[in-house]
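Biologist: I would like to learn how to read a structure. Please take me through it.

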Amino acid sequence: MQAAAQDLIDRFGLSLFSGEPEGTFLYHASDTMSYSGVPNILIPLAISVFIVLNTMIGAVYERKREIAVYTSVGLAPSHVSFLFIAEALAFAVLSVVFGYLLAQTTAKLFAETALWSGITVNYSSLAGVAAMVLVIAVVLLSVSIHRKWPERSPSRM
């Protein structure tokens, strides 16, 4: 009975009361799980912001002739920077969608293996949505940081 109760709380995260000859027992998933909190994601978040920022700076540097053409035909610098923001937002949304699909596919493939036995992955939870919003926010944050840096005119690049 104890093994079946332990298996149920490990799989589904249930609180389970069990009446046994020795007495009534409470099996709870919090005994087997630990939560580490937000401080553990701050350094990876900062690293990802700098990686995306570096990518955006590289995109601007590689496209300086294109930027010069845009400004020479009359686009304001804010319009040119909006093109980069729109491009970054499109990449963020695409990466979130493809990452979600890849996570679902990987979880489905690994679900039957011995490595993941007893693990139930729930990507449709609020945590999954929060991760998607966090990715889009990181991309927009890095683009806005890049936008606030002093711009050099295309003629001097």
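Biologist: Leaving aside its neighbours within four places in sequence, which residues is Glu 20 in contact with?

Modeller: Contact means heavy atoms within 4.5 Å. With those neighbours left aside, Glu 20 is in contact with Met 1, Gln 2, Phe 25 and Tyr 27. First, a caution: this is a predicted model, where local features need pLDDT of at least 70, side-chain atom pairs count only at pLDDT 80 or more, and totals for chains, interfaces and linings use all residues. Residues are numbered from 1 along each chain as its sequence is written, and side-chain values use heavy atoms, with hydrogens and water left out.

Biologist: Is Glu 20 buried or exposed?

Modeller: Buried means under 20% relative accessible area, exposed over 50%, partly exposed in between (1.4 Å probe, protein chains only). Glu 20 has 13% relative accessibility, so Glu 20 counts as buried.

Biologist: Which residues make up the largest nonpolar core?

Modeller: A nonpolar core is a set of buried Ala, Val, Leu, Ile, Met, Phe, Trp, Tyr and Cys residues joined through side-chain atoms within 4.5 Å. Here the largest has 10 residues: Met 56, Val 60, Ile 67, Val 80, Phe 84, Ile 85, Ala 88, Ala 92, Val 139 and Val 143. Its largest share, five residues, comes from H4. Helices are DSSP runs (H or I, at least four residues), numbered from the N terminus.

Biologist: What does Val 143 touch, not counting residues up to four places away in sequence?

Modeller: On that count, Val 143 touches Met 56, Ile 85 and Ala 88.

Biologist: Where is Phe 91, and is Phe 91 buried or exposed?

Modeller: Phe 91 sits in helix H4. Its relative accessible area is 53%, so Phe 91 is exposed.

How values were computed: Helix = DSSP H or I, 4+ residues; strand = E, 2+ residues; numbered from the N terminus.
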